[in-house]
Amino acid sequence: MNMFNDALHLMIKSADGSYTAYSKEYDEHYHSTKDGALFESLKKHVEPAFLAKGGAKEITILDICFGLGFNTLAMLYHRQKNAPDVKLRIFSPELDSSLVSGLLDFSYPDEFEEFLPIITALVKNGVYEDDTTHIELFLGDARVYVKEFAPKTFDVVFQDAFSPASSPVLWTREYFADIKNIIKDDGVLTTYSIALPTRLALYENGFELFINSGEGFRDATIASPSPLDGFERVDMEHKIKCNPLVCSLRDD
């Protein structure tokens with residue numbers, strides 16, 4: 001039986017023609033159905049990450065959370081089209097093991113066709129490697145996983161967990177403190193969230209905030225421990241002054 005028609009997940013076509021899934025447990029889609037699953041991965045995560053890390057010969061990425069694998073696959077797709085010599089090292093936690101085991105039944109867009117053997121390897125072995133690519137999939141708690149890495153390991157973090165309302169533990173000030181520890185000083189974090197509590201949790205951990213905007217998708221957020229060229233800075237001081245009662249999410 002295709003698990004995307006089971007009691008927990010439902011496959012849904014999004015606006016760009018690519019499919020995403022709906023989680024009945026979290027009552028959320030894995031991607032914006034309005035922006036489109038593939039389009040969202042490219043525009044809100046992959047393209048701004050490549051823009052910020054332009055010229056890098058190797059990029060180490062933390063993909064929170066793996067889900068359907070779109071961000072990882074979109075990174076491979078974009079790399080192949082624009083910078084085939086760049087080496088990618090991708091590490092990704094995913095709590096839902098039943099989701100991962102069902103990915104072989106998922107209807108991926110044609111753009112990902114040649115990368116589907118990678119999905120097979122990850123589902124069966126949890127790891128894939130070739131001359132330019134290393135991917136590890138961790139089945140378990142992302143909060144535990146991020147503590148295993150040495151400081152300043154990652155060039156890029158894809159912060160793409162379910163929303164703060166559905167999965168608050170992956171959006172707290174303490175969680176982003178752990179992310180700050182393992183991201184490089186010139187690293188970038190991308191996320192679809194523009195919520196002020198999310199931005200505040202990043203800001204309180206020393207991240208500078210920037211707007212990711214463009215045609216055909218809703219605004220998103222980019223964060224970095226350092227200033228970034230090519231992106232409009234979010235004036236957090238002004239936003240805090242205008243919203244004095246706003247608080248970041250906390251573990252307790």
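Setting aside neighbours within four places in sequence, N71 touches S41, H45, V46, D63, F158 and D160. Keep in mind that this is a predicted model.

So where does N71 sit? It belongs to helix α2, which covers residues 70-82. Is N71 buried or exposed? Its relative accessible area is 3%, and because the cut-off for buried is under 20%, N71 counts as buried. One of its contacts, D160, is also a polar partner: the side chains of N71 and D160 make a polar contact at 2.8 Å.

Now for the strands. What does β4 build together with α2 and β5? The three make up a β-α-β unit, and that unit is right-handed.

Which strands does β4 pair with? It runs parallel to β5, with five bridges joining the two, and it also runs parallel to β8, this time through four bridges. Here is how the pairings look side by side:

| Partner of β4 | Residues of partner | Bridges | Direction |
|---|---|---|---|
| β5 | residues 87-94 | five bridges | parallel |
| β8 | residues 154-159 | four bridges | parallel |

On the β5 side, E58 has K87 as its bridge partner. On the β8 side, look for I64, which stands opposite Q159.

Key:
Residues numbered from 1 in each chain as written. Predicted model: local features only at pLDDT ≥ 70, side-chain atom pairs only at ≥ 80, totals over all residues. Heavy atoms only, no water. Buried < 20%, exposed > 50% of the residue type's maximum accessible area, 1.4 Å probe, protein only. Polar contact = N/O pair within 3.5 Å; in protein donor to acceptor, adjacent residues only side chain to side chain. Contact = heavy atoms within 4.5 Å. Pairing = 2+ DSSP bridges. Right-handed = clockwise from strand over helix to strand, strands pointing away.
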